[in-house]
Amino acid sequence: MGQLPQSPGANLDETIAELERCVTELGFIGVNLNPDPSGGKWETVPLTDKYWYPLYEKLVELDVPAMIHVSASCNPNFHATGAHYMNADTTAFMQLLQGNLFKDFPTLRFLIPHGGGAVPYHWGRYRGLADMLKQPSLDTHLMNNVFFDTCVYHQPGIDLLVKVIDKKNILFGSEMIGAVRGIDPQTGYYFDDTKRYIDEAFISDEERATIFAGNARRVFPVSMPRSPRKDSDMPAFTKDATWLDWDANPTRPTFKVPAGAVDAHCHVFGPGTSSRSRQSASTPRVMRAGSSCSRCAPSSVSRKVWWSRQRATAPTTPRCWTCWPTRATPPGALSRSHPT
């Protein structure tokens, strides 16, 4: 997602020029749109105002979505990540509800982060407000154009999101590293390990795959012009899977991840990155070629690399993909030896 230059009250010429550069020259497939460049003072007109229309016209022309996301807070009343972000998410949705923006731009697509702010929790209120304001049902008025991500930091929050909001409107957000970076003492997992919450949600595997990948393919353009990129610019994938040495204590691996290695969340590590910086009970673990699976050995000896999620009830010895698959690995996920 590209970032756009925005200032309160300024014309959008430079913003639109940067949007076009991000997409046509740099290969971005979406941009961040700040509904409040004043930083919590809300000195900008609502998102439905015609002030924004030239920008929307360019978004439609380029066929890219915008994420509605504020930045820093300059208002001492609003903590940036604890209040300002949530306020903006909720405010943006209400502005869209009050207006008729998508009548003018039926193919415009917006993502509202952080699970949609307070909207899913108060879904009944917003359905009622739409009725009171003589607006169409939210299903047709907004939800063909507005999507929420999964950057929510606890299981009950995700459970509510997937229960209230249609799964076609939810996109996975990895949120690593997120606004809250510690380990939840109630669960032992990182607060921002958002994949785990989707894994554990009471939804079907088909719905889970839709959230992880299918919806993103609908919201983001299928193909975009790219800047020329050399193979040497990409992470190195090799057929040799013997790049990992396990610590004697399997719950505290201290291995050094080689440059270009890709984990189950598709994060590319830099040179010398230590896995311990992100290690928790939910951290994906890798198995070396030639090592034996604790269940189906020796059939796993000929395999290369498998990612599996370590759960609280998981065994301390590695399991291979065959006998301990993850419940919903998104299509296109990468392994060290098989970039598919």
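Contact is taken here to mean heavy atoms within 4.5 Å. On this criterion, and leaving aside residues up to four places away in sequence, Gln95 touches Trp42, Pro46, Leu47 and Thr48 in the predicted model. Gln95 is found in helix H3, and it counts as buried because its relative accessibility of 12% falls under the 20% limit. Trp42, one of the residues that Gln95 touches, is found in the loop between E2 and helix H2 (53–62). With a relative accessible area of 26%, Trp42 is partly exposed, and its phi is near 50 degrees, a positive value in a residue other than glycine.

A positive phi is also found at Lys134, where the angle is near 60 degrees in a residue other than glycine. Lys134 has its place in the loop between helix H5 (123–132) and helix H6 (138–141); it is exposed, with a relative accessible area of 72%.

For the protein chain as a whole, the secondary structure comes to nine helices and ten strands. Buried residues make up 48% of the 340 residues in the chain. Among the contacts between residues at least 6 apart in sequence, 66% join residues at least 24 apart.

Six of the strands form an open sheet with parallel pairing, in the order E1-E2-E3-E4-E5-E6. Strand E1 (2–3) and strand E6 (170–171) stand at the edges of this sheet, and because each has a single partner strand, one side of each is left without a neighbour in the sheet. The pairing of E1 with strand E2 (residues 31–33) is in the parallel sense and extends over two bridges, with Gly2 standing opposite Val31 in E2. In general terms, the strands of a sheet pair through backbone hydrogen bonds, either parallel or antiparallel.

The largest nonpolar core comprises 49 residues, of which Tyr56, Phe93 and Phe110 touch the most other members. When residues up to four places away in sequence are not counted, Tyr56 touches Leu33, Leu47, Leu101, Phe105, Leu108 and Phe110. A second, separate core consists of six residues, including Met67, Phe147, Leu171 and Val219.

Within helix H9 (residues 205–219) lies Ala213, which counts as buried at 7% relative accessibility. Ala213 and Phe172 are 41 residues apart in sequence, whereas their C-alpha atoms are 7.5 Å apart in space.

The second largest pocket has a volume of about 590 Å³. Its lining is made up of 28 residues, and those lying nearest the centre of the pocket are Met86, His114, Cys151, Val152 and Tyr153. The elements that give two or more residues to this lining are helix H3 (80–98) and helix H7 (155–164). By residue class, the lining of the second largest pocket divides into 15 nonpolar, ten polar and three charged residues. Helix H3, which contributes to the lining in this way, is also the helix in which the buried residue Gln95 is found.

Terms used
Residues numbered from 1 in each chain as written. Predicted model: local features only at pLDDT ≥ 70, side-chain atom pairs only at ≥ 80, totals over all residues. Heavy atoms only, no water. Helix = DSSP H or I, 4+ residues; strand = E, 2+ residues; numbered from the N terminus. Buried < 20%, exposed > 50% of the residue type's maximum accessible area, 1.4 Å probe, protein only. Core = buried A, V, L, I, M, F, W, Y, C linked by side-chain atoms within 4.5 Å. Pairing = 2+ DSSP bridges. 1 Å grid on protein atoms, 1.4 Å probe; cavity = no way out; pocket = protein on both sides within 12 Å on 5 of 7 lines; lining within 4 Å. Points joined across faces, edges and corners; volume = space filled by probe spheres on them. Nonpolar A, V, L, I, M, F, W, Y, C, P; charged D, E, K, R; others polar.
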